[in-house]
Amino acid sequence: MSTPILDQNLVTDLSERLSYPGYLQLDTLLAAQKPLSDPQHHDELLFIIQHQTTELWFKLVLHELTAALDYIRRDDLEPTFKILARIKHIQAQLVSQWSVLATLTPTEYCQFRYVLGPASGFQSPQYRLVEFMLGNKDVRMTAVHRHRPDDYQRLTEALAAPSLYDEFLRHLARRGLPVPAELLDRDFTQPHLRNAALVDVFKLIYANPREHWDAYEMCEKLIDIDEHFQIWRFRHMKVVERVIGMKRGTGGTSGVGYLRHMLDAQLFPEIWDVRTELGEVGR
């Protein structure tokens, strides 16, 4: 086998220059995996990396959602399309990760599950922030974060703020579309409730895509995110069922039962409902 030729411009002296490990803080990142099983079980590292990687993706989703909300408040929908498309692809990565964790067998997990104590993904402040920003709000979910004041403050602020869907509806109202008034200035700590009159608003948009192109495209981007969220929840449930069966979750939830209950939750229900209401277009 021939020896590859190195580019003459390749930088090899990095003693006083920024390097790839330095830029990415790899020393810190790769030292953050600290298995607790003793003796250390081979598969605990997989479990830790799976969940740390998920948290990194959540951090990016929150970064993108914050930008999307800012654009919508300024009535500038088009820049959100790329942002929401990126979130959809992040969600696809999160879905595919479950197949890695699914290689963990029940026998293997039982050998180190005890080290988790009451720790559970249910307690992820970033996941809860994502849900709140997308509109799946429940004030009861903030209680588990009271022991971490910074997380608790971020969550209570997100709970009280309009969600992505709320801001989109307010944008549509500013454009003159007949969004029901009770949806525009409400108690945003409460989840959005299905509103039949709102379906008519989306029917106007879907029946006239040329006239409402950006709103039409926004609706489809929101459906992408909602659909991928449901797929992620389903894969989560099936992997949990595969690994621990019907045992209770480490954080005290009912495990598979709780996850199954969440499968039918829709973030943007009227954008789903309008599909039933649209009539056929004549040939």
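Helices (H or I, at least four residues) and strands (E, at least two) are DSSP runs, numbered from the N terminus.

This is a predicted model, in which local features need pLDDT of at least 70 and side-chain atom pairs count only at pLDDT 80 or more, while totals for chains, interfaces and linings use all residues. Residues are numbered from 1 along each chain as its sequence is written, and side-chain values use heavy atoms, with hydrogens and water left out.

Which residues of H7 are buried? They are Asp151, Leu155, Ala158 and Leu159. Seen down the axis of H7, the buried residues fall within an arc of 105°, so they line one face of the helix. The arc is that of the directions from the helix axis to the C-beta atoms. An α-helix has 3.6 residues a turn, so residues three or four places apart point the same way. On the other side of H7, Pro149 and Asp150 are exposed. Buried means under 20% relative accessible area and exposed over 50%, with partly exposed in between (1.4 Å probe, protein chains only). The partner of the buried residues of H7 is helix H6 (125-134), against which they pack.

The chain as a whole contains 12 helices and 0 strands. Of its 283 residues, 40% are buried. Contact means heavy atoms within 4.5 Å; among the contacts with a separation of 6 or more, 72% join residues 24 or more positions apart. The C-alpha trace spans about 65 × 55 × 45 Å along its principal axes.

On a 1 Å grid over the protein atoms alone, a cavity is a set of points where a 1.4 Å probe fits but cannot get out, and a pocket is an open set with protein on both sides within 12 Å along at least five of seven lines; lining residues have an atom within 4 Å of a point. Grid points are joined across faces, edges and corners, and a volume is the space filled by probe spheres set on the points.

The structure holds 1 cavity of 30 Å³ or more. The largest cavity has a volume of about 130 Å³, and its lining includes Phe58, Ile87, Tyr127 and Trp232. Helix H3 (44-73), helix H4 (78-101), H6 and helix H10 (213-244) each give two or more residues to this lining. By class, the lining has 11 nonpolar, 1 polar and no charged residues. Ala, Val, Leu, Ile, Met, Phe, Trp, Tyr, Cys and Pro count as nonpolar, Asp, Glu, Lys and Arg as charged, and the others, Gly among them, as polar.

The largest pocket has a volume of about 1400 Å³. Of the 50 residues that line this pocket, His51, Ala119, Ser120, Gly121 and Phe122 lie nearest its centre. H7 is one of the elements that give two or more residues to this lining, but H3 gives the most, with 9 residues. The lining divides into 24 nonpolar, 16 polar and 10 charged residues.

The second largest pocket holds about 620 Å³ of space. H6 gives the most to its lining, with 4 residues.
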